[in-house]
Amino acid sequence: MSFIQCSKCSIKLENPPTARTIYCSNCHTYNMLIKTASQSSLGHNRVSRSISCSSSLMINKEIRNSGCSQQRSNKRALLVGVSYKGLKYRLKGTVNDVIKMEQFLTQQRFLFPKESIRILTEDQQTAEDIPTKKNIENALKWLVEGCQSGDSLVFYFSGHGIRQPDFIGDEKDGYDETICPVDFRKEGMILDNDINSIIVKPLPAGVKLHAIIDACHSGTILDLHYIYNRKLKNWEEDIPPSGRPPKGTNGGLAICFSACEDNQRAMDTTVFSDKGKHMFSRKDMNGAMTTLFIRAVKTHADITYAEILDFMNNNISQINTKRGCLKRPCIRRLLDIGLLQEPQLSSSKDFDVNQEFKL
């Protein structure tokens, strides 16, 4: 095994023979490798300029999915879809969700540069873009690295979510919420506490983060201080018995749309797809929340945060009430059928939900 030196922090990194980029976990920089003609037959590489979001250096060769454009953009997104291939709890719609979300962000309305969007799915070709626990955590660090006033950040996750007992007493319901990377059986889940520490606490003034989490038990997945009560139309503080934990931002604003309450499950379904016919077709399967979120924004100009939340909940409610004698929630839970999820909105601050949704 040969080694290279990180062009930013100078740490020693392993250099696999077929690698085109090498990620440095110490400074979260992507080092681009370029084979020279004299080295190609020997399998050696040399390091070109690092691809670092905090660097002003320009590069001549674009690397798709590096997460950095040649000139730093004030818009950056991380899209993660985990399908758990080969496992009995495989999800069919997560890759479809990521594709739709990328198209949604790059449309004319929001204009996120493709070069500023990083995608992690099991279909990616490079090892650092597989949604393992380590890669997701590193990508979350990349998302907020070097962010400054005026930046708009997006974290999207489609996959499994799990609850587990809270042993430090900072959860109102006594449970930590988690997201499951592809290797969670070996490496464990990513806790809401960890997500908060990585992408919420560092946010400086003037930076806005939107998280869109399509997973079970995701209501408070970012551990934000406020949860919006759409029935009472007000914000409620999420304070555990031990008192309000220090989980706010560094002056910025974090907002999260999640697929359901902490005690509910989110669904993969074809009910809201354009075709809505092939019940078990992977091609038509999507997360219910993802489909409704995108549809709400696309079909309503100047839509507000409250209106997005109402649109998603109302559409799910309409599906449930069409089930005849099975429309009672208690019966549906007993039979384990239907869409019992209620999308949630949480925030680090109690902002005006009647303002226009903007990214």
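This is a predicted model: local features need pLDDT of at least 70, side-chain atom pairs count only at pLDDT 80 or more; totals for chains, interfaces and linings use all residues.
Five bridges join strand 9 to strand 10 (residues 175-179), in the antiparallel sense. Within this pairing, R163 has E177 of strand 10 as its bridge partner. Strands of a sheet pair through backbone hydrogen bonds, either parallel or antiparallel.

## Charges over rings

R163 also meets an aromatic ring. Its charged end sits over the ring of Y175, 4.2 Å from the ring centre. A second case involves R76, whose charged end sits over the ring of W142 at 5.4 Å from its centre.

## Aromatic pairs

The model holds 14 aromatic pairs. One of them is Y89 with F184, a tilted pair. The centres are 5.9 Å apart, with 50 degrees between the planes. This pair links distant parts of the chain, 95 residues apart. Y89 lies in the loop between strand 6 (75-81) and helix 2 (94-106), while F184 belongs to helix 4 (residues 184-187).

F184 is buried, because its value is 14%.

## Ring cluster

Ring pairs also build a cluster. Its members are F104, F110, Y228, W235, F257, F293, Y305, F351 and F357.

Technical notes:
Residues are numbered from 1 along each chain as its sequence is written. Side-chain values use heavy atoms; hydrogens and water are left out. Rings of Phe, Tyr and Trp (its six-membered ring) pair if their centres lie within 6.5 Å; planes under 30 degrees apart count as stacked, over 60 as edge-to-face and the rest as tilted. Helices (H or I, at least four residues) and strands (E, at least two) are DSSP runs, numbered from the N terminus. Buried means under 20% relative accessible area, exposed over 50%, partly exposed in between (1.4 Å probe, protein chains only). A charge sits over a ring if NZ of Lys or CZ of Arg is within 6 Å of the ring centre and within 35 degrees of the ring normal. Two strands pair if DSSP finds at least two bridges between them.
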